[in-house]
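Me: Can you walk me through this one? I'd like to start with how the pieces get their labels.

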Amino acid sequence: MAYKQHFIEWWTGRDTTAPNAWREYQISGSSGGAEYISNTDGAGDDGGGIKIKSGTGNAQFALDMNDKCQFNQDGCVMISVWSRNTNISGAETIKMGTMESNYTAGNVFYIRDRGNESTLYAFAKNGSGNTSTAMSTANTQNVWRQTKTELKSSSAEASCNGTLEATMENTHLPTVAQQPTFTIDNGNGVNTYASCRFMEIYNT
């Protein structure tokens, strides 16, 4: 029987860094971080929440649950409200979804926003390979979107703003337990930003 873990984060009501459930993880590069934002912090920051920046150099920064993988690879839902901000143009990438317990391993399912792609993509990967599927939602800077990823026993689904946009079969779906992650990569050597103001993840 699946463990009915259920977690909700509003990313509000605080004024410093990420709360204790979250790890701020500089995967590569330096000077990345997370900070709470107000309604007056600039374009794309309206509505509050938390803002992450990649850092400089060939940098990646992530918020995750410090490798506490409490969510089932064959039965969990993740809902998020997030926005891309500045410096998203070429290979700069935002990822919102789930992954296993470290960033070098191969079990993930997320929605990708990349500067050189015209739409969002759903991306799945396990030890045997990976699959990506184009979604219909355009990549748009400074616009909040609500996304949903759902891992099932033999398929996975990705939705945006209430519309199902991608379905994947089980060939490349994760095979181990997952944790939520909000990740940003830069491809131009300067800080790249993204914001999130709601995240919910639960086992089904």
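This is a predicted model: local features need pLDDT of at least 70, side-chain atom pairs count only at pLDDT 80 or more; totals for chains, interfaces and linings use all residues.

Me: OK, where is Asn 66, then?
Reply: Asn 66 is in the loop between β5 and β6. Its phi is near 55 degrees, a positive value in a residue that isn't glycine.

Me: Which other residue has a positive phi without being a glycine?
Reply: Ser 31 does, with a phi of about 70 degrees. You'll find Ser 31 in the loop between β2 and β3, where β3 covers residues 33–37. Ser 31 counts as partly exposed too, with 47% relative accessibility.

Me: New topic: charges. How many salt bridges turn up in the whole structure?
Reply: The search finds nine. The general idea is that side chains of opposite charge can pair when their charged atoms come close.

Me: Who does Asp 64 pair with?
Reply: Arg 23, with the closest N and O atoms 2.8 Å apart. Asp 64 sits in strand β5 (residues 56–64) and Arg 23 in strand β2 (residues 23–30), so this bridge ties together parts that are 41 residues apart in sequence.

Me: And are those two buried or exposed?
Reply: Asp 64 is buried, at 0% relative accessibility. Arg 23 is buried as well, at 18%, and the cut-off for buried is under 20%.

Me: What other salt bridge does Arg 23 make?
Reply: One with Asp 67, at 3.1 Å from N to O. Asp 67 is in the loop between β5 and β6 (76–84), 44 residues away from Arg 23 in strand β2. Asp 67 is partly exposed, with a relative accessible area of 31%. Put together, Arg 23, Asp 64 and Asp 67 are linked in a network of salt bridges.

Me: How far apart are the N and O atoms in the bridge between Glu 150 and Lys 148?
Reply: The closest ones are 4.0 Å apart. Glu 150 is buried at 15%, whereas Lys 148 is partly exposed at 32%.

Me: Now rings. How many aromatic pairs are there?
Reply: Three in the whole structure. One of them is Phe 7 with Trp 22, which is edge-to-face: the centres are 5.8 Å apart and the planes are at 75 degrees. Phe 7 belongs to strand β1 (residues 6–9) and Trp 22 to the loop between β1 and β2, 15 residues apart. Trp 22 is buried, with a relative accessible area of 6%.

Me: Which charged ends sit over rings?
Reply: The end of Arg 145 is over the ring of Trp 82, 4.6 Å from its centre. Arg 197 has its charged end over the ring of Trp 144, 4.3 Å from the centre.

Me: Are Cys 76 and Cys 160 buried or exposed?
Reply: Cys 76 is buried at 1% relative accessible area, and Cys 160 is buried at 2%.

Definitions and conventions:
Residues are numbered from 1 along each chain as its sequence is written. Side-chain values use heavy atoms; hydrogens and water are left out. Buried means under 20% relative accessible area, exposed over 50%, partly exposed in between (1.4 Å probe, protein chains only). A salt bridge is a side-chain nitrogen of Lys or Arg within 4 Å of a carboxyl oxygen of Asp or Glu. Helices (H or I, at least four residues) and strands (E, at least two) are DSSP runs, numbered from the N terminus. Rings of Phe, Tyr and Trp (its six-membered ring) pair if their centres lie within 6.5 Å; planes under 30 degrees apart count as stacked, over 60 as edge-to-face and the rest as tilted. A charge sits over a ring if NZ of Lys or CZ of Arg is within 6 Å of the ring centre and within 35 degrees of the ring normal.
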